[in-house]
Amino acid sequence: MASDKELADFLKSADRRAFKRVAYAVRDEDAALDIVQDSMIRLAEKYADRPAAELPLLFQRILSNATMDWFRRQKVRNAHVRNFSDFETTDDEGDFNILEALESLDGAHSGTESAADSVSRAQILLVIDEQIQQLPGRQREAFLLRYWEELDVAETAQVMGCSEGSVKTHCSRAVHALARALQAKGIAP
């Protein structure tokens, strides 16, 4: 049985990666935050009696299920209601301001990196982020679980509810698609 401290330490260590993973999937930071928080609460309420070693896989599975539930709810909601907040703008005059949108991104980095290197790195990371978002859902999920969450093939298969061979196929396709897209944009390994 995991102690309260072990559960809290696990949740603290998993929160940023989980948020990023869900944000890639749903493409809505507010929804991603809600999904991650709900998943953490569900883990703490229903699985606190499990050993600490089981928590990572349980949490990944809960997170995957919560994300799929969000998509199901969105599908039903969008079939009946138009979301007028999609038409809102970021400033008082009704114009979309790209600089305000870019300022909201966390681009501040500390250290001795030159400004040119920092800008170059930030641009490359944005391109990589865009390309990951363009991957099909299952490929993106497998890629993020394997390389972002650092789960092995068996753990990824368990979280995704598929075979290990499917995980390998999804990861391979994702890596090749990313490599092609990045090479086409002039980014070499």
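In what order do the elements of the protein chain run from the N terminus on? They run α-α-α-α-α-α-α-α.

**Figure 1. Overview of the protein chain in the predicted model.** The secondary structure comes to eight helices and zero strands; helices (H or I, at least four residues) and strands (E, at least two) are DSSP runs, numbered from the N terminus. Of the 189 residues in the chain, 31% are buried. Here buried means under 20% relative accessible area, exposed means over 50%, and partly exposed lies in between, with a 1.4 Å probe and protein chains only. Among contacts with a separation of 6 or more, 62% join residues 24 or more positions apart, a contact being heavy atoms within 4.5 Å. Because the model is predicted, local features need pLDDT of at least 70 and side-chain atom pairs count only at pLDDT 80 or more, while totals for chains, interfaces and linings use all residues. Residues are numbered from 1 along each chain as its sequence is written, and side-chain values use heavy atoms, with hydrogens and water left out.

**Figure 2. Packing of helix α1 against helix α2.** Two packed helices are described by the angle between their axes and the distance between the axes. For α1 (residues 4-26) and α2 (residues 29-46), the angle is about 145° and the axes are 8 Å apart. Axes are lines fitted to C-alpha atoms, for helices over the stretch in contact, and angles run from 0 to 180 degrees between N-to-C directions. The crossing of α1 past α2 is right-handed; a crossing is left-handed if the near helix is turned anticlockwise from the far one by less than a right angle, and right-handed if clockwise. The α1 side of the contact includes Leu 7, Phe 10, Leu 11, Asp 15 and Phe 19. Among the α2 residues that they and the rest of the α1 side meet are Glu 29, Leu 33, Ile 35, Met 40 and Leu 43. The residues of this contact divide into 16 nonpolar, no polar and two charged. Ala, Val, Leu, Ile, Met, Phe, Trp, Tyr, Cys and Pro count as nonpolar, Asp, Glu, Lys and Arg as charged, and the others, Gly among them, as polar.

**Figure 3. Two residues with positive phi, Arg 27 and Glu 150.** Most residues other than glycine have a negative phi. Arg 27, in the loop between α1 and α2, has a positive phi of about 55°. Glu 150 has a positive phi of about 60° and is found in the loop between α6 and α7 (153-160). With a relative accessible area of 65%, Glu 150 is exposed.

**Figure 4. Aromatic pairs Trp 70 with Phe 71 and Phe 143 with Tyr 147.** The structure holds three aromatic pairs. Rings of Phe, Tyr and Trp (its six-membered ring) pair if their centres lie within 6.5 Å; planes under 30 degrees apart count as stacked, over 60 as edge-to-face and the rest as tilted. The ring centres of Trp 70 and Phe 71 are 5.1 Å apart and the planes lie at 75°, so this pair is edge-to-face. Trp 70 is buried at 13% relative accessible area, whereas Phe 71 is partly exposed at 34%. For Phe 143 and Tyr 147, the centres are 5.2 Å apart and the planes are at 55°, so the pair is tilted. Both residues lie in helix α6 (residues 137-148), four residues apart, about one turn of the helix. Phe 143 is buried at 15% relative accessibility, and Tyr 147 is partly exposed at 44%.

Figure 5. A disulfide is a covalent bond between the sulfur atoms of two cysteines. The cut-off used is a pair of cysteine sulfur atoms within 2.5 Å, and a search of the whole structure finds zero disulfides. The sulfur of Cys 162 is 9.2 Å from the closest cysteine sulfur, that of Cys 171, which is too far for a bond. Cys 162 is partly exposed, with a relative accessible area of 21%, whereas Cys 171 counts as buried at 4%.

Figure 6. Leaving aside residues up to four places away in sequence, Gln 131 touches Leu 178, Ala 181, Leu 182 and Lys 185.
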